[in-house]
Amino acid sequence: MEWKPNRQVKKAIYKQLAEYIENGIADGSFPLDKPLPSERKLAKLLELNRSTVVAAYDELESNGLIERKRGSGTMISKDIWGITKKRVPSWNRYIEAGSFLPNLPVMQRIRKEMTEHDLINLASGELSEDLFPLSSLRKITSDRAYIGSLGYDHPQGSEVLRKTIANHMEKYRGLQTTPSSILITSGAQQALHLVIQCLLKPGDAVAMEDPSYHYSLPLFESAGVKPYYLTADENGIKPDDLILLYRKHRIKMIFLNPAFQNPSGVSLGQKRRREILEISSQYGIPVVEDDPYSLTSFSGKPLLPLKSMDQNGNVLYISSLSKIVASGLRIGWIIGPKPVIERLSDAKQQIDFGHSSYSQWVANDFLESPSFAVHLDNLVKQLESRRNQIIESLNTYLKGEMEFLTPNGGIHLWCKIKNEVNENRLLEESLKNGVIYAPGSTMGSNANYVRFTYAKETESNIDEGIRRFAAALKSSKE
């Protein structure tokens, strides 16, 4: 056997071996009527560990290419060609070859644990169902018959909803816009995806906050975009750092979450907001403002978006109803210059032919109703109460062991563990104790940070969740 593994490439050796054998089966190098070499023999021939050969055979067996029979050895499956000369594709190879990258393994693990086990959820960035305005939404769907079209809608989304969002932006966020400058999206996530795919190209450098929720999104890497990070303090990123980053890497776009940032909870100060807009104008760098939380200010006065200060059209503004109404509605929007909106809406049409007309109707009627203001007021009070509860619980169970800034809005609390911890062990111990959170590494930070979300659980569950986390932290150190 002349084949040798290539140890200079990143692909695992067992996968290289599996591909070699698969190709040999296809071209007849390994005949159907003879067994493949035993694991021990093949390992000796190729000077590999036996475990490597075992892993390669496991992969081939899972793809239906070989069969292991006691007493007969490892045989090529007789069914791979069959009467119709058809074979099962090597799906693992296709999965690995796709250009759209999967979520980080730890994020996949967290989502799997949340769906498969009954855990106290301090990880998921969404509202609990008791914070949804269910009675108001049910009233809309039961009292009024839907009279809209069920066909494809306008490429930018329902014109009625876009007018309502324009009014909403002026009333609640001090931002004047027009329906033609708005694109309805499937939440803020799709809006961000469209911006990256349509307005950037592989190799482009972008700036984002450190830590940042955007770090957990493979969207940037899938598009070949290079992110560079700006460290933030209690007033957000420093404009001078942005200038240095631009000069060094020729930044093409700036991604910011200026109000109650995810995960830190800090808000960009007014002076820095003005300076960033000046830098944007001076160097011609567009700013993408992600604004899920500005209406959740606990002071009673919502933070006005960066976009409301934008006089030159340099800011693309993204928001949604996910964090203030219900994530399942999947209603988000982008506001920007008309040519940009038209480009993004063209791309969205290629993806899904436009947004659901039914959910747009529900969202429109709720935003127009007096119930929205009542709901928003109640939501902010409930979130503030839960924020207070998680801080009280941290002071009760972990006093002196954690550092954090108290957020004045939003749904996240960013905590630093004072002593060094093993992040993986802490997560495993927490799962054993029945509580889940977001490890700091998922936000681009080091292992001594964690993000707790206080919007998904009741106050009693928050208290119990922090108690369980405290016990897990203690166990992880032993």
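The questions and answers below go through selected features of a predicted model.

Residues are numbered from 1 along each chain as its sequence is written, and side-chain values use heavy atoms, with hydrogens and water left out. Because this is a predicted model, local features need pLDDT of at least 70 and side-chain atom pairs count only at pLDDT 80 or more, while totals for chains, interfaces and linings use all residues.

Q: What distance separates the centres of domain 1 and domain 3?
A: The protein chain is divided into domain 1 (13-94), domain 2 (105-125 + 374-477) and domain 3 (147-368), with bounds that come from an automatic or database domain assignment. Taken over C-alpha atoms, the centres of domain 1 and domain 3 are separated by 50 Å.

Q: Is Ser 319 buried or exposed?
A: Ser 319 has its place in strand β10 (residues 315-320), where helices (H or I, at least four residues) and strands (E, at least two) are DSSP runs, numbered from the N terminus. The classes rest on relative accessible area, with buried meaning under 20%, exposed over 50% and partly exposed in between (1.4 Å probe, protein chains only). Since its relative accessibility is 1%, Ser 319 counts as buried.

Q: Which residue has the backbone oxygen that the side chain of Ser 319 reaches?
A: Not counting residues up to four places away in sequence, Ser 319 touches Arg 173, Ala 188, Asp 291, Gly 332 and Trp 333, a contact being heavy atoms within 4.5 Å. At 2.7 Å, the side chain of Ser 319 reaches the backbone oxygen of Asp 291.

Q: Which residues does Ala 191 touch, not counting residues up to four places away in sequence?
A: Ala 191 is found in helix α8 (residues 187-199), and it counts as buried because its relative accessibility is 0%. With residues up to four places away in sequence not counted, Ala 191 touches Thr 185, Ile 318 and Ile 334.

Q: Which buried residues of α2 line one face of the helix?
A: Seen down the axis of α2, the buried residues fall within an arc of 100 degrees, so they line one face of the helix; the arc is that of the directions from the helix axis to the C-beta atoms. On the other side of α2, Arg 40, Lys 41 and Lys 44 are exposed, and what covers the buried residues includes α1 (13-27), α3 (50-62) and β1 (66-69). The buried residues in helix α2 (residues 39-46) are Glu 39, Leu 42, Ala 43 and Leu 46.

Q: Against which helices do the buried residues of α6 pack?
A: The buried residues of α6 are Ser 136, Leu 137 and Ile 140. They cover an arc of only 100 degrees around the axis, which puts them on the same side of α6, whereas Ser 135, Arg 138, Lys 139 and Ser 142 are exposed on the other side. The buried residues of α6 pack against α13 and α14 (371-397).

Q: Why is the pair of Tyr 152 and Phe 353 classed as it is?
A: A search of the whole structure finds 13 aromatic pairs, where rings of Phe, Tyr and Trp (its six-membered ring) pair if their centres lie within 6.5 Å, and planes under 30 degrees apart count as stacked, over 60 as edge-to-face and the rest as tilted. The rings of Tyr 152 and Phe 353 have their centres 4.9 Å apart and their planes at 20 degrees, so the pair is stacked.

Q: How many residues apart in sequence are the parts that Tyr 246 and Tyr 283 tie together?
A: The rings of Tyr 246 and Tyr 283 have their centres 4.7 Å apart and their planes at 45 degrees, so the pair is tilted. Because Tyr 246 lies in helix α10 (residues 239-249) and Tyr 283 in helix α11 (residues 270-283), the pair ties together parts whose separation in sequence is 37 residues.

Q: How many disulfides does a search of the whole structure find?
A: A disulfide is here a pair of cysteine sulfur atoms within 2.5 Å. Cys 198 counts as buried at 15% relative accessibility, and Cys 415 counts as buried at 0%. The number of disulfides found in the search of the whole structure is zero.

Conventions. A polar contact is a pair of N or O atoms within 3.5 Å; within protein, one must be able to donate a hydrogen and the other to accept it, and residues adjacent in sequence count only if both atoms are side-chain atoms.
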